[in-house]
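Thanks for coming. I will go through a few spots in this structure, one at a time, with the picture on the screen.

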Amino acid sequence: MISGVINIAKEAGYTSHDVVARLRGIVGQKKIGHTGTLDPGATGVLPVCLGKATKLCDLIGSWDKTYRTTLLLGTKTDTEDIFGQVISESDVTVEEDEIREIIASFVGDYDQIPPMYSAKKVGGKKLYELAREGIEIERKPCRVRIDDIVILEADLPRITMEVTCSKGTYIRSLCRDIGEKAGCGGCMSSLVRTRVADFFLEDALTLDQVEQFRDEGRLEDYIRPVDSVFPFCPSIHIRRSGRSLLMNGNPLPPEYISREDAPDVSLEDSRNDLADRYRVYDDEGYFIGLYRKTGDQGILRPEKLFFTGI
């Protein structure tokens, strides 16, 4: 079984589940999961976890993301993008400098109401299921964080932007809210996810490329090992005398540590959920999992075990 993370360039027309289903056929294993839903009309980065790396799906999905999107001012739809039914159309009376100020006002934390056509669950049912039944319910706003918005092109009524944001941010809803603040409404006309954490679009593979590399026997060259996802965590190597404790997932007293190395890169703010975590390896250099030091004596306790390579 292959374990690791592969950076997929999702194409338009595929759901995230479609990508996983096709990869299962290409790779020949069932244990595969994606790290965050992209709408069928959207394209871009979709890290996919294979084998024991599926334990990373929620973790990677919680890290910051960057999108390239185009906002169409003056048009409202039921799905908040151009793929939905048009609800209303209005004249765009704002000037470019005004819309730039409005867009800049969304940088920071703000309370965003999720769209009805979304996978968010309310009362155990997905919102899009209710929407397809013609039911619209009141949604509670969710606190999201917009780290940065760069306007790439302004050709009213269209504005193309690069948005870096937190988990849970709906770019469709951001476009809706900008349009509302501009007084004319708006919807999203295109969306490309260009980055998830340190997975970038320029390094991503299409499904056809994955199939080609499999046929050429080169696919594993493009699958990232699990431990490479955590370069900001210090690494610890365990003595052979601690191997039994290590293999059984037991806590490890500090006397079993043979070497401790500094992280490869600095920890980014968006990954504070992994502060004080360590990459732990056995005496042969195999990655075992993520551990945390606890107590005054610095006992290592396992948090996620992978046993990659064993």
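R277 sits in strand β17, which covers residues 277-281. Keep in mind that this is a predicted model. Is R277 buried or exposed? Its relative accessibility is 12%, and the cut-off for buried is under 20%, so R277 counts as buried. What does the side chain of R277 pair with? There is a polar contact of 2.7 Å between the side chains of R277 and E303. Leaving out neighbours within four places in sequence, R277 touches C233, P234, Y291 and R292, as well as E303.

Next, helix α3, residues 96-104. Its buried residues are I99, I102 and I103. Looking down the axis of α3, these buried residues fall within an arc of 95°, so they line one face of the helix. On the face of α3 turned away from the buried side are the exposed residues D97 and E101. And what covers the buried residues of α3? The cover includes the strands β4 (65-73), β10 (142-155) and β11 (158-165), along with helix α5 (171-181).

Last, a helix pair. Helix α1, residues 16-27, packs against helix α6, residues 207-215, at an angle of about 10°, and their axes are 10 Å apart. The two helices, α1 and α6, are therefore roughly parallel to each other. From α1, the residues in the contact are V19, R22, L23, G25 and I26; from α6 they are L207, D208, V210, E211 and R214. By class, that contact of α1 with α6 has 5 nonpolar, 1 polar and 4 charged residues.

Conventions: Residues are numbered from 1 along each chain as its sequence is written. This is a predicted model: local features need pLDDT of at least 70, side-chain atom pairs count only at pLDDT 80 or more; totals for chains, interfaces and linings use all residues. Side-chain values use heavy atoms; hydrogens and water are left out. Axes are lines fitted to C-alpha atoms, for helices over the stretch in contact, and angles run from 0 to 180 degrees between N-to-C directions. Helices (H or I, at least four residues) and strands (E, at least two) are DSSP runs, numbered from the N terminus. Angles under 35 degrees count as roughly parallel, over 145 as roughly antiparallel, 65 to 115 as roughly perpendicular and the rest as oblique. Contact means heavy atoms within 4.5 Å. Ala, Val, Leu, Ile, Met, Phe, Trp, Tyr, Cys and Pro count as nonpolar, Asp, Glu, Lys and Arg as charged, and the others, Gly among them, as polar. Buried means under 20% relative accessible area, exposed over 50%, partly exposed in between (1.4 Å probe, protein chains only). The arc is that of the directions from the helix axis to the C-beta atoms. A polar contact is a pair of N or O atoms within 3.5 Å; within protein, one must be able to donate a hydrogen and the other to accept it, and residues adjacent in sequence count only if both atoms are side-chain atoms.
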